[in-house]
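Hi everyone, thanks for coming. I'd like to walk you through a structure today, so please have a look at it with me.

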Amino acid sequence: MILTLNPTIPFSPKSFPRSTLRLCSSNYYGTKIVTCKLRTPQDGIAKAKSGSGDITKKILLSNSAPPVTEDVGESGGDGGGEESGDRLVRGGGSLGLLKRFPRRVLSVLSNLPLAITEMFSIAALMALGTVIEQGETPDFYFEKYPEDSPVLGFFTWRWVLSLGLDHMYSSPIFLGMLVLLAASLMACTYTTQIPLVKVARRWSFMKSDEAVKKQDFSDSLPRASIQDLGVILMGSGYEVFMKGPSLYAFRGLAGRFAPIGVHLAMILIMVGGTLSATGSFRGSVTVPQGLNFVMGDVLGPTGFLSNPTEAFNTEVHINRFSMDYYESGEVSKDGEGPFNLPMAPIKINGDKKLFGTFLPVGETDSSNVKGISMLARDLQSIVLYDTEGKFSGVRRPNSKLPIEIDGMKIVIEDAIGSSGLELKTDPGVPFVYAGFGALMLTTCISYLSHSQIWALQNGTTVTVGGRTNRAKAEFPDEMNRLLDQVPELIEHSTDG
């Protein structure tokens with residue numbers, strides 16, 4: 001209930017005029033709007049002295065109904081009979097603090113081209129972080145991007161190390177772009193999306209046929225009742241409000257809230273990504289089968305927000321694990337052994353999946369030790385070379401087939417893989433998952449059409465107009481279908 005009162009004189013409930021009825025398909029049903037102005041002969045004198053209009057106050061007594069306005073909301077009508085809805089009492093508190101923030105700063109941050117530029121910049125930095133190897137030692141970048149042969153004529157290791165491109169996702173330039181994009185999203189939400197939602201939540205009435213006909217869709221029912229139209233709209237899921245000969249209805253208000261949810265979801269994803277880059281622990285370990293290791297001995301911090309937990313004291317036991325890295329082979333030599341020979345990774349022409357070992361032959365104390373070389377790419381086959389470095393043959397583990405090299409018979413008994421583990425703790429994962437879930441949900445909700453319908457009864461003619469923010473091509477067909485259901489009024493004549 002809304003009362004408009006003159007605060008300078010007492011009032012009596014007996015002075016209230018007739019209330020107007022508002023129909024609604026939800027908990028607004030049965031609410032009354034009472035507008036009351038009490039005047040005395042002194043009102044004109046006071047008005048003349050002050051040089052201003054009526055001094056009024058609005059007292060909101062409704063628990064759930066949105067504020068009543070009698071304008072065309074965000075349509076920006078030309079005043080064709082609509083009453084302005086901007087006379088609502090403005091709130092203060094924290095909203096007032098936000099309003100005191102420089103409007104020019106908010107205007108710049110909420111600029112759409114700026115936000116698009118920020119997103120493309122972040123995408124470019126992420127692509128650059130994919131091209132440039134991350135987390136390597138400085139010597140690696142000295143060799144990869146030398147100053148005497150710069151990439152593209154200018155890009156050297158100095159760019160990589162000075163800008164932090166070797167740890168792109170925790171570098172100041174990347175985190176700064178994330179902060180700037182988050183600020184743009186919040187500014188857009190405050191300056192654009194929230195005001196649109198506030199306007200959309202107002203139920204408004206139009207006072208002239210011309211204003212109704214200016215909507216995207218308009219039509220006239222020559223012999224119809226606006227009450228029948230309201231009932232039909234309620235049956236189609238519209239929230240319907242009536243005041244005298246005027247009707248206002250809307251549907252799909254959730255679609256207006258969806259952009260705010262999209263912005264919040266994107267901010268949540270960026271918060272999670274920032275926590276992942278600056279608050280995680282990473283580490284790698286190679287453990288043979290049957291041995292243990294403590295997680296805290298392996299994991300190292302990645303950023304200034306990294307904080308160890310009790311889980312770092314967890315001891316892990318390796319039962320069985322197979323990989324193509326860090327192999328070791330067992331060989332038998334002339335009935336002796338078996339010997340366990342660990343294999344080390346060998347980098348040849350950029351190939352990191354080649355492993356080798358060496359079986360010394362003869363005097364091992366000599367400065368010129370000779371032996372048999374063995375190379376492997378996986379656990380399936382071992383390539384053997386004699387003491388002169390010449391190819392001798394290939395044997396599979398567990399084949400039991402001996403190979404004779406320099407008068408010695410060698411049998412490859414087995415190749416046992418050590419467990420190479422990459423460990424990571426990431427506090428940002430829940431935020432990223434929640435953000436992407438909310439982003440998918442709010443994106444789907446954003447496709448809901450927010451439709452608004454106005455109608456005005458003029459005698460037996462009902463003028464109807466409406467608009468929608470989405471599905472504009474289908475909206476006229478839906479309106480025609482609804483208007484076809486409105487019953488036609490029939491005049492009854494009696495013979496006297």
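Let's start with helix H4 (residues 112-131) and H7, whose axes come within 10 Å and cross at roughly 155°. That angle makes H4 roughly antiparallel to H7, and the crossing itself is left-handed. Before I go on, please keep in mind that this is a predicted model.

Who meets whom here? On the H4 side you'll find Leu114, Ala115, Glu118, Met119, Ser121, Ile122, Leu125 and Met126, and they meet Ile173, Phe174, Met177, Leu178, Leu180, Leu181 and Ser184 in H7. Sorted by class, that contact has 12 nonpolar residues, 2 polar and 1 charged.

Now follow helix H7, which covers residues 172-201, over to its contact with H10. These two pack at an angle of about 160°, and their axes are 9 Å apart.

Let me zoom in on one residue of helix H10 (residues 254-278), namely histidine 263. Is histidine 263 buried or exposed? Its relative accessibility is 11%, so histidine 263 counts as buried. If we leave aside the neighbours within four places in sequence, histidine 263 is in contact with Leu185, Cys188, Thr189 and Gln193.

H10 has another helix to pack against: helix H11 (residues 429-445). The axes of H10 and H11 come within 7 Å and cross at roughly 160°, so this pair, too, is roughly antiparallel. The crossing of H10 and H11 is left-handed. In that contact we have 16 nonpolar and 8 polar residues, with no charged ones.

**On to the strands**

Of the contacts with a separation of 6 or more, 62% are between residues 24 or more positions apart.

One open sheet I'd like to show you is built from 5 strands in the order E5-E23-E22-E7-E6, with antiparallel pairing. Which strands sit at its edges? They are strand E5 (217-221) and strand E6 (239-243), each of which pairs on one side only. From one strand to the next, the twist averages 15°.

Of its 5 residues, 5 are buried, so E6 is largely enclosed by the rest of the structure. In a regular strand, side chains alternate between the two faces of the sheet. For E6, both faces are covered: Glu239, Phe241 and Lys243 are on one side, Val240 and Met242 are on the other, and all are buried.

The neighbour of E6 is strand E7 (residues 246-251), and the two pair in the antiparallel sense over 5 bridges. Within that pairing, valine 240 has alanine 249 of E7 as its bridge partner. E6 and E7 form a hairpin with 2 residues between them, and glycine 244 in the turn has a positive phi of about 60°.

Elsewhere in this sheet, strand E22 (residues 451-458) and strand E23 (residues 461-468) run antiparallel and are joined by 8 bridges. There, tryptophan 454 has glycine 465 in E23 as its bridge partner.

**One more stop**

Finally, please find valine 361, in strand E15 (residues 351-361). Its relative accessible area is 22%, so valine 361 is partly exposed. Valine 361 and glycine 371 are 10 residues apart in sequence, and 4.6 Å apart in space, C-alpha to C-alpha. Beyond its neighbours within four places in sequence, valine 361 is in contact with Lys370, Gly371, Ile372 and Met408.

That brings us to strand E16 (residues 370-376), which is joined by 3 bridges to strand E17 (residues 382-385), the two running antiparallel. Methionine 374 stands opposite leucine 384 in E17. The hairpin that joins E16 to E17 goes through 5 residues.

Methods. Residues are numbered from 1 along each chain as its sequence is written. This is a predicted model: local features need pLDDT of at least 70, side-chain atom pairs count only at pLDDT 80 or more; totals for chains, interfaces and linings use all residues. Side-chain values use heavy atoms; hydrogens and water are left out. Helices (H or I, at least four residues) and strands (E, at least two) are DSSP runs, numbered from the N terminus. Buried means under 20% relative accessible area, exposed over 50%, partly exposed in between (1.4 Å probe, protein chains only). Contact means heavy atoms within 4.5 Å. Axes are lines fitted to C-alpha atoms, for helices over the stretch in contact, and angles run from 0 to 180 degrees between N-to-C directions. Two strands pair if DSSP finds at least two bridges between them. Angles under 35 degrees count as roughly parallel, over 145 as roughly antiparallel, 65 to 115 as roughly perpendicular and the rest as oblique. A crossing is left-handed if the near helix is turned anticlockwise from the far one by less than a right angle, and right-handed if clockwise. Ala, Val, Leu, Ile, Met, Phe, Trp, Tyr, Cys and Pro count as nonpolar, Asp, Glu, Lys and Arg as charged, and the others, Gly among them, as polar.
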